[in-house]
Amino acid sequence: MTGTRSNSRWANPAWLIIGAFVLLQLLPVAAVSLNAFATDWNGTVLPTGFTTDWARRIFEDPRFDQALVHSLVIAFGATAVSALVTIPAILVGHCYLPLLDRWLGALVILPYAVPGVVLALGLLRIYSGQYGVQLNGTPLILILGYVPLGASFYYVPIKNNLRAIAVKDIIEAGYLVGASDLAIMARVILPSILRGLSIGLVMNFTLAISEFVYANLLVGGLYPTLQVFMNVLREGSGRLTSVVVTVYFIIVWVLSTAVIAVLAERKDRK
Amino acid sequence: MTSKMRALAFLFAVPLLLILFLFEVAPLLAVAWNSFQGDDGLTLGHYVEILSSAFHRNAFQNSCLISAVTSVIGVGLALPIANLLRTMPGNLRQMVLTYANIGSNFTGFPLAFAFIIMFGLSGSFTLLLAKAGLVDQFNIYSTGGLVLVYAYLQVQLAVLLLFPSLGALTPEVEESAALVGASRLAFWWHIGLPILAPSLVGSFILLFANAMGTYATAFALVGGNANLVTLRIGELAAGDVFSDPQLADALATLLVLVLVVPVVVEQTLLRKRYS
Amino acid sequence: MSFVEMRGLTKRFDGTMVFDSIDLDIDQGEMCVLVGPSGCGKTTLLRSIAGLVQPDAGTLLLAGRNIIPLQPKDRGIGMVMQHYALFPNMTIEQNLAFGLARKRMEKAEIRRRVGAMIELMGLEKRAKARPQQLSGGQKQRVALARALVLEPHLLLLDEPMSALDAQIRKRLRDELKRLQRELGFTAVLVTHDQEEALVIGDRIAVMQAGKLAQIGSPHDIYGRPASEAVAAFIGDFNILPPATIERVFNHRPVSSWAIHPEALDIVDPANGSGIAPDAAFEATAVVSGVKLLGAVVRYSLQAASVPLKMDVLNRPSASLLPVGSAVRIRLSAEDIREI
């Protein structure tokens, strides 16, 4: 008996399971978004009616605009600073300084052993002016504080990319054609790690815009972010909070989809 | 490489090292230092207070239990998912992985809120489950609720952690096993799992540490009602009613000590994997 | 009926034809080599025989049994993969024992068989090592051992030497041939290396774009290519269309010629051509290049602006023709292959 098994995607259990997984990822988003536009949703499986009232109220609230701007400033700021500071260090460690490389590996793992709450306490102790430096209460403490938290998101993917290419050989080949280290880094190594870099950028942005502990404890009302605003709103109406949460989801989703599109394109070009 | 060039290269790493020191190492030292401060100078009093208090010991037990259970769930669910993901076309695979990236960062209020909508006392899924007769009453504001939400995060993180290491299980290895007569079960038992073991354990440890350190999600979901270490720390540090900064610092230091051991173990496992 | 019988095997993938109506017979104890350029479908055909790919149509009989509906592990087929795919978490001994353990063989019997195979392959010193600690050649031998220890009816090899360097490749090629003679197993080997095919195969099947272009002994394939495509792949033929033949040899045949470089002779001016005009063709050419290929000297010639390759034995006594010199060449009629 010859013949092939059905190639239909929908018959394949693998596709069903992955599909279920993706559905699971999207479910919370769907739930909150529905709530943001619901007139009434109590005791029923789905909302009874829809309205844009809540959304309008939030957009007209000056606190929302402020929180949104603050969040974006911090998110972009933290992503930029962390990229500029972390990526050269990773490259330099991998390509030229093996001792540094090993230490970096340990240091980026540290936030897993030292949770945000703990570090927040420490930052509170040091940067509240006792030693002459007042960073708490300003966005700067967040932008700088997020760098160690997100460092592993650059480190792991970029190291993966670096290991896949023969870095030593490439650098030597570069020397032989007369290129400086800087040129080799910029023209050859950097393009090779763009995938890892993109992943790092997205994850750092998401971290910065999702972070609550630092934002609440170290800065609070002095420079409120979306997360802090959500916390304030939760006392009151769940619908209003849902609108803010939906805006937050949209921002992150747009960004991640853009990155997927870029990464997919690069893959095709290969 | 001349030492001059080495020094120049090192310069590029200095900003990061500086920031790591100022915003990661220094705070940790400050916390640890402060935990030993008493009214009359250095003391171990705070640690004694914590270790002799059933309440605080209970906090550690709860945190460890929830973290361990959700980490097992995370790894257990993520392994088949990551394995199936390998068979997917590249673009879909990339999409799922990127969304898992994002998903594992959806912590705190947004996630807690979503789960409250879905599984709260009058949440959609609670109603559906009640109608189906599966669950009488599901209280999301409980340990069970925490487990559900944590597990949601853990599975996504686990998929990200496990996926790269599945590369060692090439199709050729699976086919070779099939050709010499191994069933799928035999393959996984004798070959697949042994190869993945270091990665599975390492992922479990990172997930455990991640869960132990979670604050925002727990706070958003149950407020101060659950007895978790991070919640106690936040309470003691926030300065509202129970403010006791040194006790908070002692708790924090103990938490770090609890986590340092498994993380160091994970690192040594990593070394073995790459050698 | 042959030991292995393929009739009409066909496979399409996403609309493209991978292999089409393959008819092939293999005798017991024979080494059949499937050779062809990359992408011709030979590996997929091999994997179909193994059961890793399901063909769309056709029959496949092994020792009289129809094996198409059978799982890979039930077909009695062993396979050596291109990159060996040894089980990384097991020692060599464990790799070999694994398949036998699946058969629920007695431990003592397993140990005996594994020991004998390790000795046969000369791997005694590395028996307790893991795959990561072995060289490429050793890994290949382990992969072979792992397949053979199960005493399969048929052994399949997917470009087994391609990952090895030239020296080792030659040695292992001879070892494989010797093993096959000694143990008497039937094998199908896939390769894109035409030299390997000629050396190792008892029967060669040349595959082109999913179809079998020619089946025969190495001598047949090399000496009498059935088409221009086969000639272009095996051997280093001079392939000349009729118009070009007219320019060079003053004779216009009906079909194209495939001429082996070694079929061209240098005419000794002293002897002249005392041969009947039909029996041989002559032309004047200018030497444009000389390459020393070891035992053979490869001359690049230009005859009436047509490039030709000529191979001459590198006799130590003979001197090389200088570049730019004119030479009279002769081609015997019976050495011409019409395609």
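**Confidence in chain A**

I looked up the confidence in chain A of this predicted model, and pLDDT (the predictor's confidence in each residue, from 0 to 100) is lowest in H12(A), at a mean of 78, and highest in H3(A), at 93. The labels H and S stand for helices (H or I, at least four residues) and strands (E, at least two), which are DSSP runs numbered from the N terminus. For chain A I noted a mean pLDDT of 83, with 93% of its residues reaching 70 or more. Over residues 1-7 of chain A pLDDT stays under 50, and for this stretch the model has 11 contacts beyond four places in sequence; two residues are in contact if their C-beta atoms, placed from the backbone, lie within 7 Å.

I kept in mind that local features in this predicted model need pLDDT of at least 70 and side-chain atom pairs count only at pLDDT 80 or more, whereas totals for chains, interfaces and linings use all residues. Residues are numbered from 1 along each chain as its sequence is written, while chains are lettered from A and ligands numbered from 1 in the order in which they are written.

**Where chain A touches chain B**

I found 70 residues of chain A in contact with 70 residues of chain B. The largest share of chain A's side comes from H12(A), with 12 residues. By type, this side of chain A divides into 50 nonpolar, 17 polar and 3 charged residues, where Ala, Val, Leu, Ile, Met, Phe, Trp, Tyr, Cys and Pro count as nonpolar, Asp, Glu, Lys and Arg as charged, and the others, Gly among them, as polar.

**Chain B by itself**

The C-alpha atoms of chain B fill a box of roughly 75 × 75 × 35 Å, taken along the principal axes. Of its 275 residues, 46% count as buried (20 or more other C-beta atoms within 10 Å of the residue's own, with C-beta atoms placed from the backbone).

**Chain C and its side towards chain B**

In chain C I noted 9 helices and 18 strands, and a C-alpha trace that spans about 75 × 45 × 35 Å along its principal axes. Buried residues make up 36% of the 339 residues in chain C.

Terms used:
Buried ≥ 20, exposed ≤ 12 C-beta atoms within 10 Å, placed from the backbone.
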